[in-house]
Amino acid sequence: MTQEQLTAFLANAKANTNLQEQLKAAADTNAVAAIAKEAGFSISDDNLKSAQSKITDEELEGTSGGEGSWRAGWGP
């Protein structure tokens, strides 16, 4: 995954209410990675975990309603 893939996925999610609903229901990073893959983005669970600190609250706003449940469970 590149930062570009993550940014593109978040931009897509902001414009796609169906994707937003899927992200709201995602229990963890594995679920988010599966949703991203289904949407055509190359983002893995490990990539999401390592990118956690790079994703700002502003980027999350409008995707999963802010800090969604999948982000709340991320590690340190």
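A8 lies in helix α1 of a predicted model. Helices here are DSSP runs (H or I, at least four residues), and strands are E runs of at least two, numbered from the N terminus. At 35% relative accessibility, A8 counts as partly exposed. The classes rest on relative accessible area: buried is under 20%, exposed over 50%, and partly exposed in between, with a 1.4 Å probe and protein chains only. A8 and F41 stand 33 residues apart in sequence. Their C-alpha atoms are 8.2 Å apart in space.

Residues are numbered from 1 along each chain as its sequence is written. Local features need pLDDT of at least 70, side-chain atom pairs count only at pLDDT 80 or more, totals for chains, interfaces and linings use all residues, and side-chain values use heavy atoms, with hydrogens and water left out.

The chain contains six helices and zero strands. Its order from the N terminus on is α-α-α-α-α-α. Of the 76 residues in the chain, 37% are buried. Contact means heavy atoms within 4.5 Å. Among contacts between residues at least 6 apart in sequence, 55% join residues at least 24 apart.

Helix α1 spans residues 3-15, and helix α2 spans residues 17-25. Two packed helices are described by the angle between their axes and the distance between the axes. The axes of α1 and α2 come within 5 Å and cross at roughly 110°. Axes are lines fitted to C-alpha atoms, for helices over the stretch in contact, and angles run from 0 to 180 degrees between N-to-C directions. From α1, the contact is made by F9, N12, A13, K14 and A15. From α2, T17, L19, Q20 and L23 take part. By class, the contact has five nonpolar, three polar and one charged residues. Ala, Val, Leu, Ile, Met, Phe, Trp, Tyr, Cys and Pro count as nonpolar; Asp, Glu, Lys and Arg count as charged; the others, Gly among them, count as polar.

The buried residues L19, Q20 and L23 belong to α2. Seen down the axis of α2, its buried residues fall within an arc of 105°, so they line one face of the helix. The arc is that of the directions from the helix axis to the C-beta atoms. T17 and A25 are exposed, on the face of α2 turned away from its buried side. N16 caps the N-terminal end of α2. A side-chain oxygen of N16 lies 3.0 Å from the backbone nitrogen of N18.

Q22 is also placed in helix α2. Its relative accessible area is 26%, so Q22 is partly exposed. Q22 touches I35 and E38, not counting residues up to four places away in sequence.

Helix α3 covers residues 29-38, and its buried residues are T29, V32, A33, I35 and A36. They cover an arc of only 160° around the axis, which puts them on the same side of α3. K37 and E38 are exposed on the other side of α3. D28 caps the N-terminal end of α3, with a side-chain oxygen 3.1 Å from the backbone nitrogen of N30. Just after α3, G40 takes a positive phi of about 95°.

Methods: A polar contact is a pair of N or O atoms within 3.5 Å; within protein, one must be able to donate a hydrogen and the other to accept it, and residues adjacent in sequence count only if both atoms are side-chain atoms.
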